[in-house]
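Please look over the sequence and the model, then read the points below.

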Amino acid sequence: MAQPAAQGGAGLEAQFNAAMTACFGQNSTQEQRSEADRWLQHFQQTNEAWEVSVNLLGNASLSPEILFFAANTLHGKIQYEFYDLPQENQAGLRDAISGHLMRWGLTPGVSKALTKRLCLCAAALAVQMNWREVFESIPALIAKAAPGTELSVTKVALDLLACLPDECNSYRLECHPDTRDAFQVALDQSVPQVLAFLSQTAARADITSDAEGFEGVLVALGMWVKFCKIPPDLLAQQPLLGTALDLLANPQCPPDLFEADVDTLVGVLRRYDASPEHMNLVQIMVPKIMALQPRFVASVNEAKAEVAQGGDGEGDDVSRGLCRLFTEMGESYIKLILSPDPLNQVAVVQIVLDCTSHPDADIGTIPLWFWFRLVKEWRNLEDTDPLKAQHHATFSPLISNLVGECVRLLSYPTDIDEMGRQERDDVAYQRQKISDTLYDCCLFLGGEVVLTQVYTKLGSDYAALEATGSWVGLEACVMAVHQIAKDIPASPIADEKLMQMINMLLHLQTSTAGAWSTWPRLRYTACKFIGSLAPLFRRQSQLLSPLFTFLYSHLTVKETVEAAASAIQDLCERCSEQLGEPVLSLYDQINGETLEYLELKDELSIINGLSSVVRKLDLVSARRSVQQLLSPICQRLTAAVNDPSPSPKRIIAELERLVAVIKPLEKASYVIAEGEVHPLVQAVETFQLWPLLDTLFTKFATSEPIAEKGTRVYRYMIKACKQHFAPLLEMTVQRLLQHFSNTGFAAFVYIASTITSQFSRNTYEMDCKLLEMLGSFSQLIFPQFQAATPADTLQLLTNKPDLVEEYFYLCSKFMDSCPRAALEQGQALSIACMQFGVIATTIDHREANGAVLAFFESVIGAGIPRESTDPALAAVLRAGVDGVMAQQGQAVVSALLEAAAGVRPSPNLEDGKGGTIAGVLWKLARFNAATLSTTLMAALAAMDERVVDNEERGKFMAELGGAIQTPSKEHFYRTIVTFSRNAQRNQRRLQRSQQTPTQG
């Protein structure tokens, strides 16, 4: 099918009708539907879509699908493209939409989806045009209703009323902040009339007897409460509020109406907290909400009885809605709950605890945020404040009960093994939230108190497991202690309880060998539990040997291997001094056996842990241990590389094992005296690692994954050895350049940044050597992006965004770390890099673009030294930046302004990874405001007046000048954003006017 062409409305409507027929026709093929869908999406972006959509809505003979599509198209264009519509056509559009809404709203049996979309159109247009008369159309629509249609017309009017504040506050609606603010003022000014209208409408007999109609009233009220400034006393006076509260106690209330009512009242609670000016509202809300407690408690008891009879205790919508309401009341009135005045606070907290006790975990977890807020606000009280101790005494019994409910909620559902992956992930997320609440309990009661409560419950759950084989309760207790382990203070009593739990688990493995294997989730949690108690084993090191035996046995079980490996890592990292060099034999054992279920990621966890032990050894032992860990890895890597048919997967695995050994040694505690060789440097020589990597990169010169994994060995070796890497530095740089020359992969440039970070700022001589390295990389990179035309250059940049990103981050890193060398010895290179950067701003890639802008910021920032900088050095740096900007300043500013205006890509206008357009210009303003002004004026003068006219240029420069004078970075950024939005809008309009669509 042809793309929409610029032709007469009738012809385009015919194409539109054909596309809709193809989309929804029963006889259409999938290919026809796909082609029609593409045509329709393109049609929605054309200017002709305005007129065609308006005309279609006037044709009552069209199908509901076509009418809805037309209304939906208009809604999207009003939201996103309103300013593309010529101003002289805007009033006509407003009249047309108003007419269509009136006509369809008065039509019996009309599709609700259509009228709702027309309401959204009218609301979006009202915001864009500050169309205040829209408020008058609501009662006018009802007044024109034919006898017998008043109810349906009122529902449409209520939809429109709800849409107005919703659209005004929608992030999808693109309009100037002043435009949005102006209509928000109109909304706020209309509040008294709107509330009166809603109360009068709610009192109508036809509305009170129609659930959908009354739901419309509540939804509209909820939207106005959420987005408009309703005086609390005025809201408290509304009969509708009392009606909404009373409705929740009616057992005959339909489910949809009940849910809408809860949503509205939750919105009231969120908007009006317990501040003094809200007290009249609070005094109405609290008694009526509290009066609903018996209904909720009854539903909880019914669910518990169902569970007792073997059911699932799943809650109904009433339980869920009331739980939301009680929880929101608690959160909103936290200040009252923690007030020194006796306000029956315990009753409010108790009702939230009742919510937490619901057997349905989806309902019981709704209040978890309330408990966080309560504990947080209590902790914010001064320790010397008697009120803090008073509240602690008051609420401790309730928080103690909360601990039990949390452990119950941690229990796995009975059908966990039948669940799909997404459901299991949801359960895991829910258990994590419950664990966070247990942490809150520890903050309030103390970790040892919470441990004691869980430990007491554990006794009965252990008995249940022995009697019935039910493991769920015991697993929940072990999980609970695992999650709070870090919050349990060291004490003889706590240590004794924890060791008894450990011995219980060890006993279960041996005494119930057959049954133990059928409880994989309990075994998984047991392994995680052991890992979390690593600090205990520093004090009770006699347990380490049996625990390693326990964990090693779980490396052979598919369901527990991950947890066991993680626990081994935890013990090695936290008990390294107790374990010492002998524990490294564990890796020899792993290498000597075939562990079917030990995946690479789990093996890497173990290697990381063992290497953490090495970093705590003395230097002699560390040398021996590094060799011990690396030897089997290097042997396998050598064999893999030299294999006639080498396996990339096998090679990558060995490279990751290498890194797992090297990386933890960055924080080694052994001392290396001057002249001594670092254990890792020694390993490079022993195992001929660098020549091995040379062979690897040569064999896999076209494999970027191999390059990325292999260069991580360089990276972590440099970071671990620090200055002791110096003997390998020169040969490593030469290798990086050679491999980059052969492959062109950005990973080698990234290592140059690592070297710069590690070796800069030592001596000026070293900085100059690093400059030579940057120059060598530049000589290899610049030619890769040279082309005959700008379009060809852009294509080259687009093909290698990673290289652009890494190169400019290297340039930025060097400028930040070695500014004197960059601006004295390397000024010509800096100018060349700036010139390349201007070209690279054409790339439409967020990360690469951000790296270019970060480099610009670094160059200009070098000329703004800190106060502590030596004055002579500061003068040198400023002069160097002046020299660079004299050559490239105008080109940089012109490129940035073009990007802001939409002529070039602008993925990093005022925020983003790396630098931003606004950030570069702000730095230039701080460095030399006169230079910024001169270059901006020249850049503006070169821009198309249809994109930025003289008035906009003058306003832009005046606003920037004010922001610089203040100085206000926020004002400066805001001015850039406003300029960009207006210019890009004009740029889009210009591009569309120049389009010449082609017929297919």
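Rings of Phe, Tyr and Trp (its six-membered ring) form an aromatic pair if their centres lie within 6.5 Å; a pair is stacked when the planes are under 30 degrees apart, edge-to-face when they are over 60 degrees apart, and tilted otherwise. The structure holds 26 such aromatic pairs. The model is a predicted one, in which local features need pLDDT of at least 70 and side-chain atom pairs count only at pLDDT 80 or more, while totals for chains, interfaces and linings use all residues. Residues are numbered from 1 along each chain as its sequence is written, and side-chain values use heavy atoms, with hydrogens and water left out.

**The chain as a whole**

- The protein chain has 53 helices and 0 strands, where helices (H or I, at least four residues) and strands (E, at least two) are DSSP runs numbered from the N terminus.
- Along the principal axes, the C-alpha atoms of the protein chain fill a box of roughly 100 × 85 × 70 Å.
- Of the 1000 residues in the protein chain, 53% are buried; buried means under 20% relative accessible area, exposed means over 50%, and partly exposed lies in between (1.4 Å probe, protein chains only).
- The protein chain exposes about 43600 Å², and carbon and sulfur atoms supply 51% of this area; accessible areas come from the Shrake-Rupley method with a 1.4 Å probe, and for residues only the protein chains shown count as cover.
- Among contacts in the protein chain with a separation of 6 or more, 74% are between residues 24 or more positions apart; a contact means heavy atoms within 4.5 Å.
- The protein chain carries 83 positive and 114 negative side chains, and the centres of the two sets lie 3 Å apart.
- In that tally, Lys and Arg count as positive and Asp and Glu as negative, while His and the chain ends are not counted; the place of a charge is NZ of Lys, CZ of Arg, CG of Asp or CD of Glu.

**Aromatic rings**

- Trp39 and Phe43 form a stacked pair, 5.6 Å centre to centre with 5° between the planes.
- Both residues belong to helix α2 (residues 30-44), and because they are 4 residues apart there, about one helical turn separates Trp39 from Phe43.
- Trp39 and Phe43 are each buried.
- The rings of Phe782 and Tyr807 have planes at 80° and centres 6.0 Å apart, so this pair is edge-to-face.
- This pair links distant parts of the chain, 25 residues apart: Phe782 is in the loop between α43 (764-781) and α44 (790-799), and Tyr807 is in helix α45 (residues 801-817).
- Tyr807 has a relative accessibility of 1% and therefore counts as buried.
- One aromatic cluster is formed by Phe782, Phe785, Tyr807, Phe808, Phe836, Phe855 and Phe856.

- Glu581 is placed in the loop between α33 (576-579) and α34 (585-592).
- The side chains of Glu581 and Arg624 are joined by a polar contact of 2.8 Å; a polar contact is a pair of N or O atoms within 3.5 Å, and within protein one must be able to donate a hydrogen and the other to accept it, with residues adjacent in sequence counting only if both atoms are side-chain atoms.
- Not counting residues up to four places away in sequence, Glu581 touches Leu617, Ser621, Arg624 and Ser625.
- Between Glu581 and Leu610, 29 residues apart in sequence, the C-alpha to C-alpha distance is 9.0 Å.
- Asp694 lies in helix α39 (residues 689-699), and its relative accessibility of 18% is why Asp694 counts as buried.
- A polar contact of 2.7 Å joins the side chain of Asp694 to that of Arg735.
- Apart from neighbours within four places in sequence, Asp694 is in contact with Tyr714, Arg735 and His739.

**Backbone features in loops**

- The peptide bond from Thr966 to Pro967 is cis, with omega near -15°, and Pro967 is in the loop between α52 (950-965) and α53 (969-994).
- Lys722 is a residue other than glycine with a positive phi, near 55°; its place is the loop between α40 (704-721) and α41 (726-743).
- At 33% relative accessibility, Lys722 is partly exposed.
- Arg761, also not a glycine, has a positive phi near 70° and lies in the loop between α42 (746-759) and α43.
- At 57% relative accessibility, Arg761 is exposed.

**A buried threonine**

- Thr154 is in helix α8 (residues 150-168) and is buried, with a relative accessible area of 0%.
- Leaving aside neighbours within four places in sequence, Thr154 is in contact with Ile142, Thr201, Arg204 and Ile207.
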